[in-house]
Amino acid sequence: MSGWRQNLDHAARIVSTGLCFATFGLACVVVSIVWFPLLRLTSPDQATTRRRVRRCTHVFYRFILGMARRLGMLSFELHGGERLAAPGQLVVANHPSLIDVLFIGAQMPQVGCIVKESLQRNPFLGAPMRWAGYIPNSTPERLIENCLATLRGGDSLLVFPEGTRSVPGQPLAMKRGPAHIALAAGCDLLPVTIVCHPSALTKSDVWYRVPARRPHWCVSVGEPIRLADLVVPGEPRSLAARRVTTHLAEYFSARVGLPAKPPLAAAADAASTPVDSAAA
């Protein structure tokens, strides 16, 4: 591509990115103060409200991703998406970019997630998050209880083991929250690997700092990670959680081409924040 064409493409993607973010923000306000309250008022019970709000969120994610693709902001591909269809799964994913949750939520009409507790005090997002049954990252004990209730109720749960977006080029560090949830629930973990080239919307990026060429996301849903293959019968829960966390770090690191933090360093990071949030 010639220089002027490349500059024109770059400028067009800045505009399309701004349009997508503006649409997302405006839509969040509108649905939060108009549509979601209407769903709440017309639902016979809390469970129906939760299903309806999650379904609308799923449709909204699909719309935003489709809009972003049509405007040339990004491209993406999905592999193994059929594995996300089964209910009651604990889904774990690495977290390279701001919009990772959209790619997974767009494939799962009924999925819960862990969010920052402060977001539930947001005047626009707080009530819809509660209606959707999203779980605040409060005390570890209460958080795990809420996660177990979600899984045992037949809903899937999405967790980002890193707890925040990863730093490009830096080793991945996983926290022990997902391992404790899996051990308490006695369930396997469904891994989703997300790779973005070139890197975009990282923790240090602002929305208008778009890469020189259009970023492409590759989302791959792997085979379930069997908890029974990782845990030694009778071992302490803390040791089992550390073993599962180390395996997750090695699994995702191998697939994104980054080194995992040494087990002791990863364990130290995990111990500092035992349960993580999906919002970052």
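Student: In which hand, left or right, does H5 pass H6?

Tutor: Please keep in mind that this is a predicted model. Handedness is judged from the way the near helix is turned relative to the far one, and in this case H5 passes H6 in a right-handed crossing. The contact brings Ile144, Cys147, Leu148, Leu151 and Arg152 of H5 together with His180, Ile181, Ala184 and Ala185 of H6.

Student: At what angle do the axes of H5 and H6 cross, and within what distance do they come?

Tutor: The axes of H5, which covers residues 140–152, and of H6, which covers residues 177–185, come within 10 Å and cross at roughly 55°. Angles of 65 to 115 degrees count as roughly perpendicular and those under 35 degrees as roughly parallel, and H5 and H6 are therefore oblique to each other.

Student: How are H1 and H2 oriented relative to each other?

Tutor: An angle over 145 degrees counts as roughly antiparallel. The axes of H1 and H2 (residues 46–70) cross at roughly 160° and come within 11 Å, so these two helices are roughly antiparallel to each other. Their crossing is right-handed, and the residues that meet include Phe24, Trp35 and Phe36 in H1 and Phe60, Phe63 and Ile64 in H2.

Student: Which side chain meets that of arginine 13 in a salt bridge?

Tutor: A salt bridge here requires a side-chain nitrogen of Lys or Arg within 4 Å of a carboxyl oxygen of Asp or Glu. The side chain of arginine 13 meets that of aspartate 9, at 3.0 Å from N to O. Because they are four residues apart in helix H1, arginine 13 and aspartate 9 are separated by about one helical turn. A search of the whole structure finds six salt bridges.

Student: Which residues make the nonpolar surface patch?

Tutor: Leu26, Val30, Ile33, Val34, Trp35, Leu38 and Phe124 make this patch, which amounts to about 660 Å². Valine 34, one of these residues, is found in helix H1, which spans residues 3–42.

Student: Where is the cis peptide bond, and what is its omega?

Tutor: The cis peptide bond joins histidine 197 and proline 198, with an omega of about -15°. Proline 198 lies in the loop between strand E6 (189–197) and strand E7 (216–221).

Student: What is the phi of leucine 201?

Tutor: Leucine 201 has a positive phi of about 55°, although it is not a glycine, and leucine 201 is found in the loop between E6 and E7.

Technical notes: Residues are numbered from 1 along each chain as its sequence is written. This is a predicted model: local features need pLDDT of at least 70, side-chain atom pairs count only at pLDDT 80 or more; totals for chains, interfaces and linings use all residues. Side-chain values use heavy atoms; hydrogens and water are left out. Patches are made of residues with over 30% relative accessible area and no salt bridge: like charges are joined within 9 Å, nonpolar side chains (Val, Leu, Ile, Met, Phe, Trp, Tyr) within 5 Å. Accessible areas come from the Shrake-Rupley method with a 1.4 Å probe; for residues, only the protein chains shown count as cover. Axes are lines fitted to C-alpha atoms, for helices over the stretch in contact, and angles run from 0 to 180 degrees between N-to-C directions. Contact means heavy atoms within 4.5 Å.
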